[in-house]
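Here is a friendly note to read alongside the model. Please keep the sequence and the structure open as you go through the points.

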Amino acid sequence: MKKDIRDLFDGNEGSDLELPKGHRQEFLEKLKKSKSRKSKRQGYVKIYRVAAVLIVFLSIGMVVFNPFYKDESEVVSKSPIELQIKNIEKGYLISIGNEWKSFLKLTKDEKLIERYERKLESLDAEYREILKVFKNDSNNISVIESLIENLKTRLKLLKNIQAHIKLLNEKREENETITI
Amino acid sequence: MRRLQFKIIVTLILLISCDLYSQKLKVHNEELEINNSVETKVFLNVDNLAFVVEKSIDDKLHIDCELEFTNYTKAEIDETMKALTINTGLKGNEVSIAALSSRSIAPVCYVLSEDIVIKEVLSKDEESKEKSIHKSKSSMLEEVNKESIKTLEFLNETFKFEDQKGNEKKVSIDNVQVLKSRFVLRIPSKVKLFIKGNDTKIKMNGRMSNEMDIDMKGGSLKAKIMENKHNKVKMDDVDFKVEAIEGGEYAIANVSNVLMGSIENAKITSELSEMEIGEIKKNVSIVDFNSVLWLYNFSNDFEHFDLSSEYSKVHFFYPKTDYGLKVFGHNTVNYVGDMTVKMNPSKKEEKGLMMDRKPQGEGRFSGQIQFDMKHSIIHSYSNLKLEINKHQKQ
């Protein structure tokens with residue numbers, strides 16, 4: 001049923017009602033209470049703000065100080081360990097090159113040279129394979145050891161075969177048979 | 001209010017601790033019903049992982065794989081798991097297991113943190129092996145069984161580390177991540193096992209009587225007893241330690257550390273390796289190119305031992321019981337005690353008799369040894385009196 005809103009005030013009902021005594025005081029007290037509730041809420045907000053700041057700082061701290069965190073930019077450029085391995089590799093490759101030259105001067109056995117050439121090539125191919133693993137797992141000690149071991153092996157092989165040939169080349173005049 | 005503070009503290013602690021933690025993960029767990037017969041074939045294809053192989057006690061095939069991460073973030077664990085795949089298949093009498101990882105996972109792996117780098121590789125005494133000290137079979141077995149898992153102390157002895165500022169620093173649990181793996185394959189006693197490994201560490205527990213066909217490149221193979229005359233083992237750059245080989249053919253190349261407690265009824269083809277044998281038993285032959293061999297002991301019934309070599313170095317300790325010996329050489333030097341005997345190279349590259357010992361007929365005859373050598377060096381060790389006949393002047 002429709003009702004005109006103006007009719008509601010027609011009778012002026014309640015217009016002659018008086019405000020109770022002490023209403024002002026009562027209002028002020030209510031206002032005070034509401035203020036204290038508000039200040040409590042503001043206190044919580046402050047704690048949340050402090051917690052949020054703490055979390056932000058801790059997160060930054062974790063990123064900056066966490067030794068296991070890897071920054072994207074670091075991944076793109078060479079990490080200290082990669083540079084270190086590069087240096088170790090450079091040193092070994094120079095020595096291997098020198099040993100190879102002196103090995104070639106020492107022997108004329110084409111079969112032996114060919115076999116060593118093949119061997120060094122296969123070790124080099126292996127090294128490249130390990131390097132691929134190293135690129136994704138550069139701080140893994142086993143991978144680093146494999147890389148260094150590969151270089152060491154090449155150098156050791158060349159040194160050992162030269163010592164062997166030198167020993168065989170020592171001049172001895174007679175052939176002998178030992179009878180025990 | 002206090003409750004809220006507590007909640008905040010707990011949240012913060014969780015936030016910090018969830019990043020770095022230690023965690024064990026089951027990667028794969030499976031058992032397969034198969035026929036325990038020689039007709040059944042098990043193919044294990046492994047890349048960059050470590051596997052323990054042993055006999056199963058219930059005639060089923062079991063695969064259990066577990067990883068333990070320390071100091072790894074959740075993301076790093078996920079990354080490692082992503083790099084790892086394990087697939088199994090059963091078709092008729094054939095089981096195939098492929099366990100592949102693009103990352104190297106040893107039984108224990110150490111990964112350096114970003115704040116520590118290798119400054120120097122400390123060189124070890126590489127010539128130490130050249131010492132000609134006799135080893136008994138039991139001391140060889142001790143060496144074979146020596147634990148080879150690397151510790152942090154070992155790393156500090158092998159490398160010199162420094163921090164980003166260039167100060168010397170030791171590796172400790174604070175600046176490394178540790179990844180432990182335990183991948184186990186248990187197989188019934190009669191099935192034929194095929195292993196194809198690439199940079200893989202295989203450890204075989206107990207007596208393995210299964211017929212095995214092993215082809216490995218890189219990594220290591222450690223075994224107790226490999227007992228099957230049909231075994232075929234091919235290793236390239238694989239650290240090989242075994243208590244006893246009883247039958248089979250072994251091709252060993254580029255292995256700087258071969259330790260065998262004893263060997264019998266086996267053929268070895270080797271090159272560019274360093275191989276120590278604790279005891280040579282029945283029917284063993286070696287064909288070698290440019291390796292260093294240590295033949296420490298012979299059993300008193302070895303019957304015959306043949307060595308054919310080129311550019312090899314042999315440390316040869318005479319058998320203790322009666323034996324026969326013939327050494328033929330071309331461009332070969334033989335060091336016998338304080339004496340040096342050489343067979344100079346001939347134009348026709350013919351080998352001449354360098355050393356001859358006929359059985360003395362005293363005590364038990366253990367067997368006949370024959371060396372056939374080119375461009376080789378022999379170090380013979382004996383207390384026996386020698387008589388030298390200088391003849392065959394060229």
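**Notes on rings, burial and contacts**

1. Phe51(B) and Phe183(B) are both buried, where buried means under 20% relative accessible area, exposed over 50% and partly exposed in between (1.4 Å probe, protein chains only). As background, this is a predicted model in which local features need pLDDT of at least 70 and side-chain atom pairs count only at pLDDT 80 or more, while totals for chains, interfaces and linings use all residues. Residues are numbered from 1 along each chain as its sequence is written, chains are lettered from A and ligands numbered from 1 in the order in which they are written, and side-chain values use heavy atoms, with hydrogens and water left out.

2. A search of the whole structure gives 17 aromatic pairs over all chains. Rings of Phe, Tyr and Trp (its six-membered ring) pair if their centres lie within 6.5 Å; planes under 30 degrees apart count as stacked, over 60 as edge-to-face and the rest as tilted. One of the pairs is Phe51(B) with Phe183(B), edge-to-face at 5.6 Å centre to centre and 80° between the planes. This pair links distant parts of the chain, 132 residues apart: Phe51(B) is in strand β3 (residues 50–55) and Phe183(B) in strand β11 (residues 176–187) of chain B. Helices (H or I, at least four residues) and strands (E, at least two) are DSSP runs, numbered from the N terminus.

3. Phe316(B) and Phe371(B) also pair edge-to-face, with 5.0 Å centre to centre and 75° between the planes. Because Phe316(B) lies in strand β21 (residues 313–317) and Phe371(B) in strand β26 (residues 365–374) of chain B, the pair ties together parts 55 residues apart in sequence. Phe316(B) counts as buried at 1% relative accessibility, and Phe371(B) at 0%.

4. Arg357(B) lies over the face of Tyr323(B), at 4.0 Å from the ring centre; the criterion is NZ of Lys or CZ of Arg within 6 Å of the ring centre and within 35 degrees of the ring normal.

5. His330(B) is part of strand β22 (residues 322–330) of chain B and, at 1% relative accessibility, counts as buried. Leaving aside residues up to four places away in sequence, His330(B) touches several residues, including Met343(B), Glu349(B), Met373(B) and His375(B) (contact means heavy atoms within 4.5 Å).
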